[in-house]
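Let's take a walk through this model together, one region at a time. Have the viewer open and follow along.

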Amino acid sequence: MFKSLYFNKFHSIILLTACISIFFVNCKTTPKEEDYKIIQSSVAKKAMVVSAHHLSTKVGNDILKKGGNAVDATIAVQYALAVVYPRAGNIGGGGFMVIRTKDGKYDSIDYREKAPKASTRDMYLDSLGNVIPGLSRNGHLAVGVPGTVDGMFEVHKKYGKLDFKELIQPAIDLATNGFLLTPLEIDRLNKFKPEFEKYNEQPNPFLKDTPWIQGNRLVQKELAHTLELIRDKGRAGFYEGETANDIVAEMKSGNGIITLDDLSSYHSKWRTPLVGDYKDYKIISMAPPSSGGIALLQMLKMVEKYPLADYGFQSQKAMHLMIEAERRVYSDRAKHLGDSDFYNVPQDSMLDETYIADRMSDFDPTKSTPSDMVAAGNFAVPLESFETTHTSVVDAEGNAVSVTTTLNSNYGSKVVVDNAGFFLNNEMDDFSAKPGVPNQFGLVGNEANAIEPEKRMLSSMTPTIVEKNGELFMVLGAPGGSTIITAVFQVFLNVVEFGMPLDDALFAKRFHHQWLPDVVLYETGGLTEASKQSLEALGHSLKDVKYMALVKAIHVQPDGALHGVGDNRSEDHAEGY
Ligand code: DON
């Protein structure tokens, strides 16, 4: 149950050599072994935090031990991630949070970005009506109005126990003093250097002349100052005054359109969580503008009446059924889902049992249903960026939080706000820039997800909490773009149908179908030749990808202990007490 990754002696020698060779540059201390201790799976009696970075998990645990509740810990983790996990942790992005209190009450907040007021439906099209490649993905015009800071103040107002200043201070300290970069972050910072250079004119802490190497520390003085403004002035520290002026100046330096008015009028929104049943389990997840909750419930309902456990884990029968359910659900997503404040999402109809049964009425256990028979359109698309971040928290009283937050792509739009030191999102790419034209995740959309001023772009984020017999059973979610929903679907079924302990359930290789393109993605090494052939025999096309989604979950054991697991595909860290 307890798996750790320790830095070995070999790595330590490299680190030491690296530090000596670059002397004082970016390397203030010789790294200690424990700086790199990653715990992916651990069990604790009272409380648990699973997040994408060991330092943010530590911050969350410290808050819980000080008497903070799960919401306090989550706020502290969100701000810490904005410092130690700049590729997805953020103050320049947005997210969704699902809460289950110790008394079994549910709540959820949407702090998703909004389209700026000056945005238009065709803003990413050229004069011939074609999508201009990259315009919604990189640079200033890709940025939605950030929601994270407002969201954190809202949840704190409603559920927080400790003083907000205590929750943000660890992030300020990490930004001021710096921290040791992890191998993955080093890799990403080096990889994206050309884009940081392309979209930023001024120096920033993420850019340096020589490549980042192990032993380097990242110090973010400007970000520390912005966080201090938020600490001292509250919401106004970000949406008004100095920070807001910096954001607008940054916009004007490129082709951005966010104004002071967009910022001051941004408000996150409490929404009724989506609740549905799967056998003895109650699934509590996120409603639109995320597609996560509806899609997850649809998939579960589509497979519920079949004997999955008898079929067996990743058997031909189980995979075929799950793939066909996924295909139908993503086709519904493309047509019907968008921001329910702007578009009449047929939520109840989509979850209606008769409708779901009807949707599966053409399921054929002996062959795949081509996607163009489920609906029109076909094309090939790459899936490459998997950078968002999820955190799962349970506190000693039994309050649970499941939160997913993102800048969208790695480092969002790649634009760093001058003087304020943080990356801005590229969430506008989650809109459908043109009907039927895929976004970076290969997802297509239509009217429901067309761009409108102040509308929120459709998301796949699926922060989820599960109850069994009225008791907390599981907290889970993931980054991974369109593959988030199928990852949550599969990890849940791995536990409840295939009887796996959470670590096995989470580390098991996954597969994914999203209607278009009509292909089953599977993680490299995940399928034997025999199982590939058995799926191909049913008419499925298969394509391997390195990895999909990075799940972070907590499973309440029969004796009440908390089993926390972070993904072994990344540097996730699970720790409690
Ligand atoms: O909201 C969404 O669905 C996407 N912006 C999430 C992006 C994502 O998960 C990227 N990679 N991990």
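This is a predicted model: local features need pLDDT of at least 70, side-chain atom pairs count only at pLDDT 80 or more; totals for chains, interfaces and linings use all residues.

Residues are numbered from 1 along each chain as its sequence is written, and side-chain values use heavy atoms, with hydrogens and water left out.

α5 runs over residues 164–177, which is 14 residues. Helices here are DSSP runs of H or I with at least four residues, strands are runs of E with at least two, and both are numbered from the N terminus. From first C-alpha to last, α5 reaches 21 Å, close to the 20 Å expected at 1.5 Å a residue; that expected span is 1.5 Å times one less than the number of residues. Several of its residues are buried, including F164, L167, I168 and L174. For accessibility, buried means under 20% relative accessible area, exposed means over 50%, and partly exposed is in between (1.4 Å probe, protein chains only). The buried residues of α5 pack against α2 (54–65), α3 (70–84), α4 (148–159), β6 (179–180) and α8 (221–233), where contact means heavy atoms within 4.5 Å.

E222 is partly exposed, at 33% relative accessible area. Leaving aside residues up to four places away in sequence, E222 touches N419, A420 and G421. If you jump from E222 to S315, you move 93 residues in sequence and 53 Å in space, C-alpha to C-alpha.

Now zoom out. The domain assignment gives domain 1 (4–269 + 386–449) and domain 2 (271–385 + 461–565); such bounds come from an automatic or database assignment. The contact between them takes 59 residues from domain 1 and 62 residues from domain 2. Their C-alpha centres lie 26 Å apart.

Next, the charges. Count a salt bridge whenever a side-chain nitrogen of Lys or Arg is within 4 Å of a carboxyl oxygen of Asp or Glu, and you get 35 of them. D187 and R188 make one at 3.8 Å, N to O; D187 is partly exposed at 42%, whereas R188 is buried at 10%. E452 and K455 make another, at 3.6 Å. There, E452 is partly exposed at 27%, but K455 is buried at 0%. In the pair R569 and D567, the N to O distance is 2.7 Å, and both residues are buried. Salt bridges also link D110, K269, R271, D341 and R456 in a network.

Three strands form an open sheet in the order β15-β16-β17, with mixed pairing. β15 (511–512) and β17 (542–545) are the edge strands, each pairing on one side only. Strands count as paired if DSSP finds at least two bridges between them. β15 and β16 (residues 520–523) pair in the antiparallel sense over two bridges, and the bridge partner of H512 in β16 is L521.
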